[in-house]
Amino acid sequence: MIAELGHFALILAFAVALIQMIVPMIGAHRRDAGLMGIARTAALAQFALIAFTFGVLVHAFVTSDFSLSLVAENSHSTKPLIYKISGVWGNHEGSMVLWVLILSLYGALVAVFGSNLPDHLRARVLAVQASIGVAFIGFILLTSNPFLRLDPAPFEGRGLNPLLQDPGLAFHPPFLYAGYVGLSMAFSFAVAALIEGRVDASWARWVRPWTLGAWTALTVGIAMGSWWAYYTLGWGGFWFWDPVENASLMPWIVATALLHSAIVAEKRGALKSWTILLAIFAFSLSLVGTFLVRSGVLNSVHAFASDPMRGVVILGIVTVFVGGALALYGWRAPLLKAEGMFAPMSREGALIVNNLLLTAAAFAVFIGTLYPLFLDAMNGPKITVGPPFFNMTFVPIMVPLLILVPLGSLLGWKRADLVAALERLMGAGALAVIVCIGVLAFVSKGPWLAALGMALATWLVAGAFFELAWRTGLFSGPFAQTLRKARHLPRAQWGMALAHGGLGIVVAGVVGMTAWRQELVTALKEGESAHLGAYTLTLEKVGMRQGPNYEALVGVVHVQKGKRDLGFMMPEKRRFPVERQEKTEAAIRTNGISDLYVVIGDDNGQGGWTIRAYENSFAPWIWAGAIIMAAGGLVSLTDRRYRVGAPSRARARSLPQPAE
Amino acid sequence: MTRKNRRAAFIALGLAILAGAVGLVLNAMRDNIVFFYSPSEIAEKALGPGTRIRLGGMVEKGTLKHVGPTTVSFNITDYRKTVAVSYTGILPDLFREGQGVVAEGMMTPDGAFVADTVLAKHDEKYMPPEVAAALKKSGRWQEGEGAQPYVKAP
């Protein structure tokens, strides 16, 4: 009965979204405040209804209501509670409900916090947002009803894919969706602006926080997914250039570009129509990503049961939204008048270069990801495009961009003094050179390119630091004055320094992992040892352990580094009897700079066990850097210039005042 | 520089970067794509050793053997032709006899296949699309096998 109520609420949400899509649009056209006002109420109602639907689904999973087909297929009564809950989105239907839940949440946020938006703009934004809701709620109702009943109800469920029973993956989808769907806000604002035919500085100011929020969530989501792949797939890699990963990387790259171009649109009134185009592309790539992972054209842990019908419907939705938005763009964009002059040597000039390079990088990833699918669809040969392709395209495009990052953020608007900016970066440049020479002198193994890579990473981190130092007068004034300046520095400035510095740390991690990781594959009998770099690994014992819903083969590995005893590591191979699957649980010991990573495999039939071990240099830095980048996004988001309803109040409050 | 010139300069820069990206992509396409073949196609094509390919099919039942301390061998079949595969390392969790698999590596001159990567990203509910297509082509596909959702016995 409760499940039927959930289904009914979803149908109501569809109807509400339909009203929200049509009525405010007419209202905005006629300047009818009453009709426009419906948008806010409808957005809140839509969110409440979908939240209820989602709650019903969570309830069904938590109480293991196996009369629901979805629960029976994807859950099991012995599963720990957290995986019962994450099981809600560990399948196609539930993950789509989560998708529309987040979509309607964003709509509700505009309704609640958007009181400083002009009425007609708000009404149009909410109407466009609702049209996306109509498409996806309709998709769920027609092809992916999560509330189908089973009669008779089975006594037990089939369990969740063990690969998904993992804390890293339990929260990866909500973050990723918050990012993907968050880009729908930028899209809705872009389409609304095209319909209005005007974009001004305030438009860009409203778009920026939404994009920033989506970008932050997407950064966290991608980092979590990569971390999960690192520790569960047992290969110790952090990025496989798998199409599913690329599907999340492409919107991220374009969102990064959008983040930067929106600054130009706000501060200089330029790049308006380009910003709108990027907003359309960012969300379009999110939709393409949804299509890729949900339609079953890709083979991965994300490809839940594939149903060709669903693929066709999603492709239809993608076509309508992308095609519609681009057609509207072609028709209306010429109305947007550019203002502002451009000097090549200026912050806006640097941001244009940033945008061009990021777009080129997204293009390379797009081709590498979609070309094989395109060939296949044309009945051509089946090919795969692996990491070498991306190393040869993505990397050469990104390197110049990374070199320019510290410089660009030090250039002033309009007309900048390149020499002055370079002077401020002399310290960072010197540090980069020292690191480069240090790596060449003290690290004998690994390619010489690694030294340049580490220099680049240092350049980014030190560049971010020296910029802050310059802005706060760290090296040029008394310390008390620096503290005062630091307090008054806009949060966005801190956020940018964190994001750029975090990027440098990611670069260091990637370079270290690529250049210096060491691998060992061997078979050990109990009591035997093997060497990996400076480490000695001894397989002391192999035994069995009983988990809540699995039994595990456990290897007890004694680790020594030289004479130093580092204790034991216990890699596991878990067998899930319900799902009839196995899952490798790597043992990872980190010292903050490198990870020791040990995996146990099968009995090799000769009394030994296959052991695979890696020393992953700088691996933890990849995720630490990504989290610092996301933290930068969050800090920027708290900048008072973004604060809700801020423009007028912020001006009043920016007078000298005591510390907050 | 006049406003027009500046605009032209930025457009030229954009085109240059775009051309560079296209060049990089085309260049990388030439050497770095890996073709997917079924065992039958390999028999027809007579591939030279040293070409990196992906080989997909079903793991023949009863052929998985440990041939060295860390090396295993098994046969990949599409029920018409069969290729012997050897692999050093730990097989993925989802690897199982009688189920679909994709192996990446090279052919040796004597017609065997040395894999350096084995992908078995599937479960009972799911089969890699390439494998399903290869089996369909060899006429050994039965509807309801693998790609159908939820055929798993409880």
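In this predicted model, the loop between α2 (33-62) and α3 (69-74) of chain A contains A:S64. This serine adopts a positive phi of about 50° although it is not a glycine. A:S64 counts as partly exposed, because 18 C-beta neighbours lie inside 10 Å. A:W241 is placed in the loop between α9 and α10 of chain A. With 20 other C-beta atoms within 10 Å, A:W241 is buried, the threshold for that class being 20 or more. A further backbone feature of chain A is the cis peptide bond that joins A:D151 and A:P152, with omega at about 0°. A:P152 belongs to the loop between α6 (119-143) and α7 (167-170) of chain A.

The helix packing of chain A was examined next. Two packed helices are described by the angle between their axes and the distance between the axes. For helix α9 (residues 201-232) and α10(A), the axes come within 9 Å and cross at roughly 155°. Angles over 145 degrees count as roughly antiparallel, and α9(A) and α10(A) are therefore roughly antiparallel to each other. Their crossing is left-handed. The residues that form the contact of α9(A) with α10(A) comprise 16 nonpolar, 6 polar and 3 charged.

Helix α10 (residues 243-268) of chain A also packs against helix α8 (residues 172-196) of chain A, the two axes coming within 11 Å and crossing at roughly 45°. The pair α8(A) and α10(A) is therefore oblique. As to handedness, the crossing of α8(A) and α10(A) is left-handed. On the side of α8(A), the contact is made by A:L176, A:Y180, A:L183 and A:A186, while α10(A) contributes A:S248, A:P251, A:A255 and A:L258. Sorted by class, this contact of α8(A) with α10(A) has 7 nonpolar residues, 1 polar residue and no charged residues.

Helix α8 of chain A also holds A:F189. This phenylalanine is buried, because 28 other C-beta atoms lie within 10 Å. When neighbours within four places in sequence are left aside, A:F189 is in contact with A:V125, A:W203, A:W206, A:V207 and A:A279. The C-alpha atoms of A:F189 and A:W210 are 9.8 Å apart in space, the two residues being 21 residues apart in sequence.

Chain A also has an open sheet of 4 strands, in the order β2-β11-β10-β9, with antiparallel pairing. Its edge strands are β2 (518-524) and β9 (587-590) of chain A, each of which pairs on one side only. From one strand to the next, the twist averages 15°. Within this sheet order, strand β10 (residues 594-603) and strand β11 (residues 609-617) of chain A pair in the antiparallel sense through 8 bridges. In the pairing with β11(A), A:S594 has A:S617 as its bridge partner.

Strands of a sheet pair through backbone hydrogen bonds, either parallel or antiparallel. Strand β2 (residues 52-59) of chain B is mostly covered, 7 of its 8 residues being buried. Strand β1 (residues 33-37) of chain B runs parallel to β2(B), and 3 bridges join the two. Here B:F35 has B:I53 of β2(B) as its bridge partner. With strand β6 (residues 100-107) of chain B, β2(B) pairs in the antiparallel sense over 7 bridges. In this pairing, B:L55 stands opposite B:A103 of β6(B). The pairing of β2(B) with strand β4 (residues 71-77) of chain B is likewise in the antiparallel sense and comprises 2 bridges. B:V59 stands opposite B:I76 of β4(B).

Definitions and conventions: Residues numbered from 1 in each chain as written. Chains lettered and ligands numbered in written order. Predicted model: local features only at pLDDT ≥ 70, side-chain atom pairs only at ≥ 80, totals over all residues. Axes fitted to C-alpha atoms, helices over the stretch in contact; angles between N-to-C directions. Parallel < 35°, antiparallel > 145°, perpendicular 65-115°, else oblique. Left-handed = near helix turned anticlockwise from the far one by under 90°. Contact = placed C-beta atoms within 7 Å. Nonpolar A, V, L, I, M, F, W, Y, C, P; charged D, E, K, R; others polar. Buried ≥ 20, exposed ≤ 12 C-beta atoms within 10 Å, placed from the backbone. Pairing = 2+ DSSP bridges.
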